[in-house]
Amino acid sequence: MSAPEPDSAVSAAPAESASRTLLVTLVLCLVCSVVVAGAAVLLRPIQETNQKADLIRNVIAVSGLLKEGLTEEQALKRINAHMIELATGDEVKGIDPDTFNIVKAGKDPAISTELTRREDVAGIRREPRYLPVYRIVGANGEFKKLILPVYGYGLWSTMYGFLALEEDLRTVQGLRFYQHAETPGLGGEIDNPKWRAQWTGKVLYDENWKVQVEVTKVAVDSSTPEAHHQVDALAGATITSRGVENLLKFWLSDKGYGPYLSRLRHERS
């Protein structure tokens, strides 16, 4: 009796099943990729709108206008945005401050300048040539306060925020960060209202307009002359605290908003 021949259909089945599984997997991956890409494109305008709205809310919050009893809508009417050239302090026309993206601008070689290691106190690598500034005016249009975008590197991330200055351009109205990835419970406490409140009333320049600001690990002694330049560091977050100090020193210097602040002081003198 001759031996039975191999069943070719049975032997081919595993190979065919594997091929079919692979094909289905590839099709599913392709479909998912298309869906994800499509969703990202469709949602981008919504995300950008939400980011813009959040930015405006932070500008309003740091302005102190809500504490005066104004609504957000009323406060927004008292805030005038302008674009300036950092190197000269001149106002720049033709660039919309409402759509200007600070993060993208800092990475674009066409509108930013590479900083040397010595210059780069804030750890940002490149500095945009232009940035928006926000003037807060009174009911009659008179200048009241100034809000400046500031940012710099902490422990894990670049910290983006706003610094609000009083009419004298040296006293802090408020400091608020709206984007960062610092450690929750440690460096992330830069969002803590109690720590933010320490900044209100601090003086960032001396009488000769030299930057004077220190985030100190030792509790601030209010009886010392230096106290009005100092803020307590965040507990357990030395590097983040130092990052905040460094970014303020950078943006308040001649490399940052110095030329604009000088021009504004002379305009108002």
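1. Helices in this note are DSSP runs of H or I with at least four residues, and strands are runs of E with at least two, numbered from the N terminus. With that settled, a friendly reminder that you are looking at a predicted model. By this assignment the protein chain has six helices and ten strands. Helix α1 covers residues 8–63, and Val27 sits in it.

2. Some totals for orientation. The protein chain has 269 residues, and 37% of them count as buried. Its accessible surface is about 15,700 Å², with 55% of that belonging to carbon and sulfur atoms. Among contacts with a separation of 6 or more, 55% are between residues 24 or more positions apart.

3. Together with Leu23, Val31 and Val35, Val27 makes a nonpolar surface patch of about 360 Å². Val27 itself has a relative accessible area of 44%, so it is classed as partly exposed.

4. Glu182 lies in the loop between β8 (172–179) and α4 (193–199).

5. Glu182 does have polar partners. Its side chain makes a polar contact with the side chain of Thr240 at 2.6 Å, and one of its polar side-chain atoms lies 2.7 Å from the backbone nitrogen of Leu155. Leaving out residues up to four places away in sequence, Glu182 touches Gly154, Leu155, Trp156, Ser157, Met159, Gly187, Gly188 and Thr240.

6. Next, Pro128, which belongs to strand β4 (residues 126–128). Is Pro128 buried or exposed? It counts as buried, because its relative accessibility is 2%. Pro128 and Ser112 are 16 residues apart in sequence, yet their C-alpha atoms are 4.0 Å apart in space. Beyond four places in sequence, Pro128 touches Leu86, Ala105, Gly106, Ile111, Ser112 and Tyr151.

7. Helix α6 (residues 258–268) has a buried set made up of Gly258, Pro259, Tyr260, Leu261 and Leu264. What covers these residues? The cover includes β1 (79–85), β5 (130–137), β6 (143–153), β7 (158–165) and α5 (238–251).

8. Arg135 pairs with Glu267, with 3.7 Å between the closest N and O atoms. This pair links distant parts of the chain, as Arg135 is in strand β5 and Glu267 in helix α6, 132 residues apart. Arg135 is partly exposed, since its relative accessible area is 21%.

9. How many salt bridges are there? The count comes to ten. One of them joins the side chains of Lys93 and Glu91 at 3.2 Å, N to O. Lys93 is classed as exposed because its relative accessibility is 69%, whereas Glu91, at 42%, is partly exposed. Another is formed by Glu142 and Lys144, whose side chains meet at 3.9 Å, N to O. Glu142 is partly exposed at 32% relative accessibility, and Lys144 is partly exposed at 34%.

10. Two backbone angles are worth checking. Most residues other than glycine have a negative phi. Arg125 has a positive phi near 70°, and Trp209 has a positive phi near 60°. Arg125 lies in the loop between β3 (112–114) and β4, and at 67% relative accessibility it counts as exposed. Trp209 lies in the loop between α4 and β9 (214–216). With a relative accessible area of 25%, Trp209 is partly exposed.

11. Finally, strand β9 contains Thr216. Thr216 counts as buried because its relative accessibility is 11%. Its side chain reaches the backbone nitrogen of Val218 at 3.2 Å. Setting aside neighbours within four places in sequence, Thr216 is in contact with Gln230, Val231, Asp232 and Ala233.

Terms used:
Residues are numbered from 1 along each chain as its sequence is written. This is a predicted model: local features need pLDDT of at least 70, side-chain atom pairs count only at pLDDT 80 or more; totals for chains, interfaces and linings use all residues. Side-chain values use heavy atoms; hydrogens and water are left out. A polar contact is a pair of N or O atoms within 3.5 Å; within protein, one must be able to donate a hydrogen and the other to accept it, and residues adjacent in sequence count only if both atoms are side-chain atoms. Contact means heavy atoms within 4.5 Å. Patches are made of residues with over 30% relative accessible area and no salt bridge: like charges are joined within 9 Å, nonpolar side chains (Val, Leu, Ile, Met, Phe, Trp, Tyr) within 5 Å. Accessible areas come from the Shrake-Rupley method with a 1.4 Å probe; for residues, only the protein chains shown count as cover. A salt bridge is a side-chain nitrogen of Lys or Arg within 4 Å of a carboxyl oxygen of Asp or Glu. Buried means under 20% relative accessible area, exposed over 50%, partly exposed in between (1.4 Å probe, protein chains only).
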